[in-house]
Each structure stands twice: as C-alpha cells, then as structure tokens.
Amino acid sequence: MPATGGYDAHDLHGFAHDSIARGSKSFALASQLFDRPTRERVWLLYAWCRAADDLVDGQDHGGAMTPGHDAKAALDRIRANTDAAYAGQPTGDPAFDGLGLLLTEVAIPRPVIDDIIAGFALDADDWRPRSEADLLRYCYYVAGAVGVAMALVMGIDPADETTLDRASDLGIAFQLANIARDVAEDAAADRCYLPVEWLVELDIPPGQHMHPAFRPRLAVMAKWLSEMAEEYEASARWGARKLGPRSRWAVLAAAGIYGDIAREVKARGDHAWDHRAATSLAAKLGWVARAGWSVLRRPPQRRISRDGLWTRPRAGTAA
C-alpha cells in the first residue's frame, strides 16, 4: 500500500490491530462491527492511547509496572511525539505515527488530544480525587475525552457539542466501571481513585480501604460507582442515535459489554474483588446481537436527559 503523508498505512494499521487485540479483547470484538475505514481509524486512535498510557505507567499493554519508572520524562516524550504527529512528521514510533496517519484522514482538534494527555499527567502526578466532582473530572480526562475523539473518528461534527457530551459520557461510564473493578489492583500499585470524601463519609482510614474489616463499606462505594456508571451509560446510549448504523452497532455493543463489568461488581457485593470481574464471551456475543437488533429497530424517541450529569469542559475553558 502506498505511503500516506509519509506514513506506511499498511504497517501502521497492522500495528494498531495487534495493539487492540492484546490490550482489550472486549473493544477488539466490538470494533469488528464498524465498517472497515472506521474500524482501522478506531484502531489507530486506540493504539496511540494505549501506548501513551503504557509510557506513563511503565507498562506494556497493562501488565507489571517498571520499578523506578520516570513518568515525567515519559510525559515529555508523549507531548513531543504528539506535536510531531500534528505536524505530519514521522517519529519512527508506530503508535505516534499511527496518530499522524489518522490526522491525515480525520480532523481531531488538538484540545481534545490535549485533554487525553492531561489525564496521563494526572497519573504521572500520582493524583487522587478528593470529591465526587474530582473523580468525574478524572474520568473525563482519562476516558471521556477518548470517547469524544472516537466520536469524531466516527464522523460526528466537531461543532456538535451535544452529541460529543454523550460520547464523553460513555467514556466516563467505562472508567467508573474500571475503577470499581480494579480497586484491589490499584491498591497493590499504591493508587486509589475513590474520593477522599467518600472514605471519610464511610469512616475508612486513609490507605486502609482494602482491609477485610472495611470490605462491606468498600462494597457500598463500588455500588455507588456502578450506579453512576449506569447513568452515564444510559445517556451515551441515547446519544448513539446520531451515529451511522455500523458505528451505532459497535458503540451499543461496547456499552453493554463494559456495562456488565459494573453490574457484575455491584452484584458481587463484598466479594467483588475475590477475582477480577469480566464479561464472558457468550455475554459479549449476546450484547453484539442485542445491539444489532437495536440498530434495526426505530431509534428510541424518549429523550434521556443529562440533567445532573457532569459535563466536560469546553475548549479554552478550565475544568
């Protein structure tokens, strides 16, 4: 395949496919529902996000963190290579060159990508939320902004702020589910994304939330996270009606698959972290079928309100 803008599209699409196959079985399955051009663009964006996240955490597609990793230096590298991608300058790093290739096909405003990088910066600073609003702001930067970028890749107009808010909601829902599921794993890595105000409210001493004596109270917080995720998922489902049929199919399937993680954590109660919550292949395929049926039916007419939900900052405004 000929190079596009100095990039080898064939090699970069192959790299991105391998990245999503390793990094997210759920999203890899849902992404197969897109038409080919959209699917390949989604893979390119995913590969950039995955690589940048791994650079900050000193990981390889998740996995163990590298001891003594310099997250600040990694963040500088992310910013420099992202600058190069926006300038159309190949870096030799396939994740960033994949972003450069994507930008030759889709106009993703730089502030959207900068918001995602701001999420990496929060992790590099070992940031912790004090309030529920802090938690939702973090979820936006690390996942909601990715939802906005993905919506742009799927053809949503950058000026359609209403639909982009709904796309942000889906990313926030995913991240809330991840936080609920990964409480134990985060604690093992000396991280905690549970708001300090929640811990104080339930009388859990700092750093002690994984103590067996506090497991029932921790389950209460997991329930709160899961119920919040359900609210943001519902909002995103309504917003998906603005997407084309194939993209709507993929997004609704992904919403159901990831939503099941939050629902599983909630259902387990005190045993939520005995082993990692996951969605079975049968359940994933069930969501693929249900999402397909939903696309074939008339789109929902009853508007799902966003009243009371956290709203992403607009470009040029402080969060």
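Is Cys 49 buried or exposed? Cys 49 is buried, at 12% relative accessibility. Buried means under 20% relative accessible area, exposed means over 50%, and partly exposed lies in between (1.4 Å probe, protein chains only).

This is a predicted model, in which local features need pLDDT of at least 70, side-chain atom pairs count only at pLDDT 80 or more, and totals for chains, interfaces and linings use all residues. Residues are numbered from 1 along each chain as its sequence is written, and side-chain values use heavy atoms, with hydrogens and water left out.

Helices (H or I, at least four residues) and strands (E, at least two) are DSSP runs, numbered from the N terminus. Contact means heavy atoms within 4.5 Å.

**Cysteines**

- The model has zero disulfides, a disulfide being a pair of cysteine sulfur atoms within 2.5 Å.
- In general, a disulfide is a covalent bond between the sulfur atoms of two cysteines.
- Cys 49 has its closest cysteine sulfur in Cys 139, and the 15 Å between the sulfurs is too far for a bond.
- Cys 192 also has its closest cysteine sulfur in Cys 139. Here the separation is 13 Å, again too far for a bond.
- Cys 192 is buried, at 9% relative accessibility.

**Helix H5**

- H5 covers residues 94-103 and is mostly covered, with eight of its ten residues buried.
- The buried residues are Ala 95, Phe 96, Asp 97, Gly 98, Leu 99, Gly 100, Leu 101 and Leu 102.
- Asp 93 caps the N-terminal end of H5. One of its side-chain oxygens lies 3.0 Å from the backbone nitrogen of Ala 95.

**Helices H4 and H6**

- The axes of H4 and H6 are 10 Å apart, and the helices pack at an angle of about 170 degrees.
- H4 is therefore roughly antiparallel to H6.
- Axes are lines fitted to C-alpha atoms, for helices over the stretch in contact, and angles run from 0 to 180 degrees between N-to-C directions.
- Angles under 35 degrees count as roughly parallel, over 145 as roughly antiparallel, 65 to 115 as roughly perpendicular and the rest as oblique.
- H4 residues in this contact include Leu 75, Ile 78, Arg 79 and Tyr 86. On the H6 side they include Arg 110, Ile 113, Ile 117 and Phe 120.
- The residues of the contact of H4 with H6 divide into nine nonpolar, one polar and four charged.
- Ala, Val, Leu, Ile, Met, Phe, Trp, Tyr, Cys and Pro count as nonpolar, Asp, Glu, Lys and Arg as charged, and the others, Gly among them, as polar.

**Ile 116 in H6**

- Ile 116 lies in helix H6 and is buried, with a relative accessible area of 1%.
- Beyond neighbours within four places in sequence, Ile 116 contacts Trp 48, Tyr 141, Ala 145, Val 146 and Ala 149.
- Met 221 is 105 residues from Ile 116 along the chain, and their C-alpha atoms are separated by 26 Å.

**Two loop residues with positive phi**

- Asp 126 sits in the loop between H6 (110-124) and H7. Asp 126 is partly exposed, at 39% relative accessible area.
- The phi of Asp 126 is near 55 degrees, a positive value in a residue other than glycine.
- Not counting residues up to four places away in sequence, Asp 126 touches Asp 190 and Arg 191.
- Asp 126 and Arg 191 are 65 residues apart along the chain, with 7.4 Å between their C-alpha atoms.
- Asp 203 is in the loop between H10 (196-201) and H11. Asp 203 is exposed, at 58% relative accessible area.
- Asp 203 has a phi near 55 degrees, a positive value in a residue other than glycine.

**Helix H11**

- Glu 233 belongs to H11 (residues 215-239) and is buried, with a relative accessible area of 7%.
- Leaving aside neighbours within four places in sequence, Glu 233 contacts Ala 173, Ala 255, Gly 256, Gly 259 and Arg 263.
- Ala 219 is found in H11 and is buried, at 13% relative accessibility.
- Ala 219 touches Gly 269, Asp 270 and Trp 273, not counting residues up to four places away in sequence.
- His 271 is 52 residues from Ala 219 in sequence and 8.2 Å away in space, C-alpha to C-alpha.

Conventions:
A polar contact is a pair of N or O atoms within 3.5 Å; within protein, one must be able to donate a hydrogen and the other to accept it, and residues adjacent in sequence count only if both atoms are side-chain atoms.
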